[in-house]
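Keep the picture open as you read.

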Amino acid sequence: SERYGLSRTTVRLALQELERLGLVVRQHGRGTFVADRSAHSANLLQSYSFTDQMRELGREPETTILEFSELEADGKMAECMQIRPGDRIFKLKRLRAADGMPMMVERSYLPVRKFLSLKRPLLERKPLYDIIEKDYHEEIRVAEEEFFASIARPADAHLLDIGEGAPVLELVRTTYDMRNEII
């Protein structure tokens, strides 16, 4: 509550939602703990799809491409993607919504050398994982994910129709192919 300037009620409601989703377990008199998800780990052969997930929830997904560009990886991005500084990467920024409600701002970075002919029209027609697996024949082996609480960046807050500095959940996902290379 203190760190992010939230009311105790907001934190309590967030914990209730996490408990409902099975991500945390409450133990009376002991506290709230991250749930053991090893028995429910994701099947990475069926890659995460925002579109599929929203449809399963009975919601209508929508994706708006905000940016598709090619740029040189700086030192930090090169380190994250295990490439050399200056190597070319694609940056894809998308707004993901369900039933007209903005849900997330997604930034994806792809090494150009693996997706040389990638163009915006293809991204507008097909989900990214379908493109990776079906059009470029890159088989996803594993993904590492890190979740953490953060505050909304000014530009993202505007896109998400929330207050600047509002609490948000950030996810950083690094996906690897069968050669253990980042895709």
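## The overall layout

This chain has six helices and seven strands, and the model you're looking at is a predicted one.

How far does the C-alpha trace span along its principal axes? The answer is about 55 × 40 × 35 Å. Looking at contacts with a separation of 6 or more, 49% of them link residues 24 or more positions apart.

## Inside, outside and charge

The chain has 183 residues, and 31% of them count as buried.

## A greasy spot on the surface

Three leucines, Leu18, Leu21 and Leu23, make up a nonpolar patch on the surface. Together they have about 220 Å² of accessible area. Leu18 belongs to helix H1, which covers residues 8–20. Leu18 counts as partly exposed because its relative accessibility is 30%.

## A lysine tucked away

Now find strand S4, residues 88–98, where Lys93 has its place. Lys93 is buried, yet it has no salt bridge. Which side chain of opposite charge is nearest to Lys93? That's Asp156, 4.3 Å away. A salt bridge needs the charged atoms within 4 Å.

Beyond its neighbours within four places in sequence, Lys93 is in contact with several residues, including Thr64, Glu67, Val105, Arg107, Asp156 and Leu159.

Key. Residues are numbered from 1 along each chain as its sequence is written. This is a predicted model: local features need pLDDT of at least 70, side-chain atom pairs count only at pLDDT 80 or more; totals for chains, interfaces and linings use all residues. Side-chain values use heavy atoms; hydrogens and water are left out. Patches are made of residues with over 30% relative accessible area and no salt bridge: like charges are joined within 9 Å, nonpolar side chains (Val, Leu, Ile, Met, Phe, Trp, Tyr) within 5 Å. Accessible areas come from the Shrake-Rupley method with a 1.4 Å probe; for residues, only the protein chains shown count as cover. Helices (H or I, at least four residues) and strands (E, at least two) are DSSP runs, numbered from the N terminus. Buried means under 20% relative accessible area, exposed over 50%, partly exposed in between (1.4 Å probe, protein chains only). Lys and Arg count as positive and Asp and Glu as negative; His and the chain ends are not counted. Contact means heavy atoms within 4.5 Å.
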